[in-house]
Each structure stands twice: as structure tokens, then as C-alpha cells.
Amino acid sequence: MAGQLEAVREVEIDADGTFKYILVRVQRAGGAEQRDVVRGNKAAEFHNHIFEKLNPEMEKLGFECKCLGGGKIDHNSKDKKLRVFGLSTGYGKADHSVTVEILKRVYKDYEITWSDDKK
């Protein structure tokens, strides 16, 4: 069982556009090992739609999920830029600084910024 948490991808976001995202803490049920992951896509009308897709996937693997908040990501793959901003009405604002640190591990050659702006 150990090591499965590392197999959960840290980031799954759309390649381009502006879309909602959530920051989620994934951990083994009853365990101390945890990992924060970022999920976002244009198909989600609301932040909870992202969570409702992720949570059953993680439960099948024996993990529990807790949404730490949300916001939006503006992804420009051509210019290699990511901008994290906004908040989720349902989950509250994610800690964008944490989100950016996770994104930097995956998008190493990108310019990544964040702000508390709503738009």
C-alpha cells in the first residue's frame, strides 16, 4: 500500500484557457501520509463538480479527500504562463501560494503567478 500516494498525480489541469480549480488533500484512510493535489478543468461549471469526479476515484484507491478551497487558473501554454486567482463560493479560497508551489514542480519552465483578484 505504501507508495500508492506518490502515484496520485499532483496536477491535472486543462492545457489552455481559464477554468475553475480546487486544492485537495488526499490521504490514506486513518493514515498520516498525505499529499495536496491540484485539479481543474473547463468542463466544471462549479468547483464541486471537480471534487465529485476526483473523490470516487481516490476512494477506490483507499484514500480520503478533503477540499482545501478553490479558485481559477488562467493557463496559457503558448506563452508558458499560469495565473492563479479567485475563490470558490462553496469551498472558500484555496491557499494560492500552496497551489503555485505544486504547479511549479510540474510546470518547471513556466512563469507562475497568483493574486487575490477575483478576475
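Biologist: What radius of gyration does the chain have, and how does that value stand against a compact globule?

Modeller: This is a predicted model. For 119 residues, a compact globule would have a radius of gyration near 14 Å. The chain agrees with that expectation, because its own radius of gyration is 14 Å.

Biologist: Which pattern do the helices and strands follow along the sequence?

Modeller: The secondary structure of the chain consists of three helices and six strands. Read along the sequence, their pattern is α-β-β-β-α-β-β-α-β.

Biologist: In which sense do β2 and β4 pair, and over how many bridges?

Modeller: Strand β2 covers residues 17-28, and strand β4 covers residues 63-76. Within this pairing, Leu23 stands opposite Gly69 in β4. The two strands pair in the antiparallel sense, over 12 bridges.

Biologist: Which residue in β3 is the bridge partner of Arg25?

Modeller: Strand β3, residues 34-41, pairs with β2 in the antiparallel sense over eight bridges. In β3, the residue bridged to Arg25 is Asp36.

Biologist: Which residue in the turn of the hairpin has a positive phi?

Modeller: The hairpin is formed by β2 and β3, with five residues between them. A positive phi of about 75 degrees occurs in its turn, at Gly30.

Biologist: What share of the residues in the chain is buried?

Modeller: A residue counts as buried when its relative accessible area is under 20%. Of the 119 residues in the chain, the buried share is 41%.

Technical notes:
Residues are numbered from 1 along each chain as its sequence is written. This is a predicted model: local features need pLDDT of at least 70, side-chain atom pairs count only at pLDDT 80 or more; totals for chains, interfaces and linings use all residues. Side-chain values use heavy atoms; hydrogens and water are left out. Helices (H or I, at least four residues) and strands (E, at least two) are DSSP runs, numbered from the N terminus. The radius of gyration is taken over C-alpha atoms; the globule rule is 2.2 Å times the number of residues to the power 0.38. Buried means under 20% relative accessible area, exposed over 50%, partly exposed in between (1.4 Å probe, protein chains only). Two strands pair if DSSP finds at least two bridges between them.
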